[in-house]
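Subject: Handover of a structure, with notes on what was found

Dear colleague,

I am passing this structure on to you, and the notes that follow are meant for someone opening it for the first time. Please have the sequence and the model in view as you read.

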Amino acid sequence: MSLSLSLSLYQLSNPSLTSHLRLHIDRNDHYGGESASINLEALFKRYGNYEQGTEPWKKYGRVNDWNIDLVPKLLMSNGELTNILVSTDVTRYLEFKQIAGSYVQQGNGSKATVAKVPSDASEALKSPLMGLFEKRRAKNFLQWVGSFDEANPSTHNGM
C-alpha cells in the first residue's frame, strides 16, 4: 500500500486553501484500478517472474517508454464512434495507430507465458494457443476473411 501526502497546484496558488492537506491512500502504485495502464517495471512487479534483487525491466530501456494496458482499449476503425471523433476534429489531441499485435497471457505465476494472437494463416499454424484442429480452422477462417469481398458473392462461401 502506498501513501502520499500532496498539495495540489490549485491549493498552492490559493493561499486560503494551503492549510488543507490531502491524504491519498491507494493499495496500487498506479491509478486506474484493474483497467489501468502500467509501465514495464510495474508489470514485472505485478506478474513478476524474476529473482528478487534483480531488475530485468532495465534491459528494455526506460520503463516509462512502455505502457501496458491491463484491459486493452480498442476502437474499431470503421465504427460510428471513430466517425464522430474525426468529424469533431479530436485528432488535434489524440493519435490513431494501427495495432502491431495483440498478446495474451496463459497461466499464472512462474508458469505464465505470453503468446501472440494470430492475425494471419501462417501465425495461426505456429500459435501455441490452439490445438492441431483449432489451428486448421483458424487458418481457414483467416484466409476466408482475407479474401472476402462484399461485392463478390463467390467469396462469401455460402453465407
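Which residues of helix 5 are buried? They include Lys135, Ala138 and Trp144, where buried means under 20% relative accessible area, exposed over 50%, and partly exposed in between, with a 1.4 Å probe and protein chains only. Please keep in mind that this is a predicted model, in which local features need pLDDT of at least 70 and side-chain atom pairs count only at pLDDT 80 or more, while totals for chains, interfaces and linings use all residues. Residues are numbered from 1 along each chain as its sequence is written, and side-chain values use heavy atoms, with hydrogens and water left out.

Helices (H or I, at least four residues) and strands (E, at least two) are DSSP runs, numbered from the N terminus. Helix 5 has 16 residues and spans 23 Å from its first C-alpha to its last, close to the 22 Å expected at 1.5 Å a residue, the expected span being 1.5 Å times one less than the number of residues. The buried residues of this helix pack against helix 4. In the loop between helix 4 (121-126) and helix 5 (132-147) lies Ser127, which counts as buried because its relative accessibility is 3%. Leaving aside residues up to four places away in sequence, Ser127 touches Lys116, Pro118 and Lys135, a contact being heavy atoms within 4.5 Å.

Lys116 also takes part in a salt bridge, its side chain meeting that of Glu123 at 3.2 Å, N to O; the term stands for a side-chain nitrogen of Lys or Arg within 4 Å of a carboxyl oxygen of Asp or Glu. Lys116 is partly exposed, at 27% relative accessibility, and Glu123 is likewise partly exposed, at 25%. The structure holds 5 salt bridges, and another of them joins Arg62 to Asp65 at 2.9 Å, N to O, both of these residues being exposed. In a further one, the closest N and O atoms of Asp89 and Arg92 are 3.4 Å apart; Asp89 is partly exposed, with a relative accessible area of 37%, whereas Arg92 counts as exposed at 57%.

Turning to the strands, strand 5 (residues 103-106) and strand 6 (residues 113-116) run antiparallel and are joined by 4 bridges, and two strands are taken to pair if DSSP finds at least two bridges between them. Gln105 has Val114 of strand 6 as its bridge partner. The hairpin of these two strands has 6 residues between them, and in it Gly107 takes a positive phi near 80°.

The largest pocket holds about 1900 Å³ of space, and helix 2 (40-47), strand 4 (68-69), strand 5 and strand 6 are the elements that give two or more residues to its lining. Helix 2 gives the most, with 4 residues. The lining comprises 41 residues, of which Ile68, Asp69, Pro72, Gly101 and Tyr103 lie nearest the centre of the pocket. On a 1 Å grid over the protein atoms alone, a pocket is an open set of points where a 1.4 Å probe fits, with protein on both sides within 12 Å along at least five of seven lines, and lining residues have an atom within 4 Å of a point. Grid points are joined across faces, edges and corners, and the volume is the space filled by probe spheres set on the points.

With best regards
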